[in-house]
Amino acid sequence: MNDMINLSRRSFIKSTALVAGGLVVAFSIPQAKRFMSVANAAEAMPLPAPNAFLRIGADDSITVMLAHSEMGQGVWTTLPMLIADELDADWSKVKVEHAPAAPAYIHTAYGIQITGGSSTTWSEFDRYRQAGALTRTLLIQAAAKQWNVPVDGLRTENGAVINGTQKLRYGQLVETASQLATPTSVTLKKPEQWKLIGKATKRLDSAEKINGTAKFGQDVQFEGLKVAMVARAPVFGTKLKSVDDSAARQVPGVIKVVTVPTGVAVIAEHYWAAKQGREALKLEWDLAGHDKPDSVALLKQYQALAQQPGLSAAKAGDVAAASKQAKQTVTAEYILPYLSHAPMEPLNCAVKISEQGCDIWTGTQMQTTDQAAAAKILGLKPEQVSIHTQFLGGGFGRRANPRADFVSEAVEVAKAAGLPVKTVWSREDDIKGGFYRPMFVHRATVALDKQGKPQAWQHTLVGQSIIKGTPFEGFMIKEGIDATSVEGVADSPYVKGTANHQVQLHSVQSDVPVLWWRSVGHSHSGFVMESLVDELAHADKQDPLAYRRQLLKDHPRHLAALNLAADKAGWGKPLPKGVFRGIAVHESFGSYVAQVAEVSVKEGEVKVHRVVVAIDCGLAVNPDGVKAQMESSVAYALGAALSSEISFKEGQVVQSNFHDYQVLRMKDMPKVDVHIVASTEKMGGVGEPGVPPLAPAVANAVFAATGKRIRRLPIGDQLA
């Protein structure tokens, strides 16, 4: 990791003085758009100024411009650690700001400005360290110039350049540094020289979130800003037929009622008036000829399709022939429901349109597409739309919508109103009319040989594609296969390790809007694969841990996580009476996570007492952050495993809020022990990989406790 970076070849770098005094270091990597065809949108935009990742003030303050969004995952701290370590910064002087929407901040792999896919830290590991190293080089050169000494005898420490007993603070050097020519290369530190990277570091955003001064989108307020709520179609895809807004206009505080492409917006002085005005609307919707999804009917359709041949996502050997030679065969059908993202902070977006352009304040995970969508609606150039990213009160993928749905709607509302407007969704709005993790049915038949090892694996998945119809379609759907639908199955070591296997997919068409949910396809495939492997182990009367070790013997990172979790959980050792263990391991987003759940079942109620987590994510830049992500993954996934489900009746969502779309209650949070595998392997993500193993670990523990195999989530009242 001691890399000499030739910046003249890889990067465009410049330094310039700020009007207020200070140093801006800016650079971009033109080759960064490696994958996504959607990058074309960013390519069309000229670079804004300043294009900066780091700003040092004359007062020694160090401000890191965060290219990604902080939604609770800790990047507000992790990315500054990368810069500060290479810079030898005084950590107490480090501050953070969300960067504006601009091509300079596009994801180094995805080609647009986005936060998602558990990719922030690994994608920025070099770029942010380079920014720190470059700045340190300039500051040393500036100090050498001021002291009139060679650079070789100078060193840096805690925000200062030191020459023997002499010391110059970084703030004293920024003016000189800003006049220097840009270095053509920098040398990054060796791991043994790191002072922050790899060390548990307290979060920079904790204090303001504790004392209430942190600004979320919902907190945005300024003179003249009004509030809007939108009445949307009760059935997806239906259009407005007529509107009577006479009563709504009589509600005190209501200013205007306007129609927008998604429905009817009531603009008011405040939220309560907008809500009351919306409830007073008399609307008629054209429901004729539209799909009216019904969960019971959809499930029957999916189950029938699961028994039919689908498009091939993976294939090897001869499944039919190998199955005839099997010692025994296991056939299982798994069902997973639609899910809502249900972030704690409901969606909101404030928009101000002026003659110069448009300003947008919101918590978003996908600035580039939001900016482009707003510009298209208003007939502006993208650079005329400024995105002011706020803290996100939870994202889980909902605020990373390639269709820019809630931002586009807010822009339409402000445009129609002719006023600065913050469009607010209630939680009921989003649960009843948002985007969902698609429902999936898996049907698998696995033939075992005399040693109990799979010798033939037939696996069919049925569900909606989350990619079809988005700018990602050209890249992520090949020959009809949405890669996110089959991830965790088609590339599973269990399937790939079976000489004869076939994975097939049916992508169902529906008006139900679907979107990635935390851990994306792995959110359903992880449950299925690790539950199914548990079934295979028990079918052959083997210990589930020993069985996995046998199947994963050629996968050391899976094994390392599995063995660490099992060891820390005391697998095989006695548990308190009535408590049982289940285990699971799954790779996703480049990281390997194993979990052991300790569970009891009493009168049909599942109680999860403890979850032991082991993760190999490569280098853990901030171990505290990794631990927090694993704990949050357990909470998020456990709520879904036990209780969460979105269902449809006559085209409408049945659930509406946390009383009937239940997420995990604090009283149900188990003890979570997190252990990190010491690793020098390639870095993976941590935001999403902790979710997939939780449900199967719990379900496998339930089987150990009751003998009942959980093949449908949520567990709900299946044990009653």
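Me: What makes Arg398 count as lying over the face of Trp425?
Reply: In this predicted model, Arg398 lies at 5.5 Å from the ring centre of Trp425. A charge sits over a ring if NZ of Lys or CZ of Arg is within 6 Å of the ring centre and within 35 degrees of the ring normal. Lys209 is likewise placed over the face of Phe391, at 4.5 Å from the ring centre.

Me: On what basis are such values given?
Reply: Because the model is predicted, local features need pLDDT of at least 70 and side-chain atom pairs count only at pLDDT 80 or more, while totals for chains, interfaces and linings use all residues. Residues are numbered from 1 along each chain as its sequence is written, and side-chain values use heavy atoms, with hydrogens and water left out.

Me: Why is the pair of Phe236 and Tyr436 called edge-to-face?
Reply: Rings of Phe, Tyr and Trp (its six-membered ring) pair if their centres lie within 6.5 Å; planes under 30 degrees apart count as stacked, over 60 as edge-to-face and the rest as tilted. The centres of Phe236 and Tyr436 are 6.1 Å apart and their planes stand at 70°, so the pair is edge-to-face. The structure holds 14 aromatic pairs, and ring pairs link Phe236, Tyr338, Tyr436 and Phe648 into a cluster.

Me: How do you know whether Phe236 is buried or exposed?
Reply: Buried means under 20% relative accessible area, exposed over 50%, and partly exposed in between (1.4 Å probe, protein chains only). Phe236 has a relative accessible area of 12%, so Phe236 is buried. Tyr436, at 0%, is therefore buried as well.

Me: Why are strand E13 and strand E21 said to stand at the edges?
Reply: Strands (E, at least two residues) and helices (H or I, at least four) are DSSP runs, numbered from the N terminus. Two strands pair if DSSP finds at least two bridges between them. The open sheet has 7 strands in the order E13-E14-E11-E22-E19-E20-E21, with mixed pairing. Strand E13 (254–260) and strand E21 (385–389) each have a single partner strand, so one side of each is left without a neighbour in the sheet.

Me: What makes E13 and E14 partners?
Reply: E13 is joined to strand E14 (residues 263–268) by 6 bridges, and the two run antiparallel. At least two bridges are required, so E13 and E14 pair. Within E14, Ile267 is the bridge partner of Lys256.
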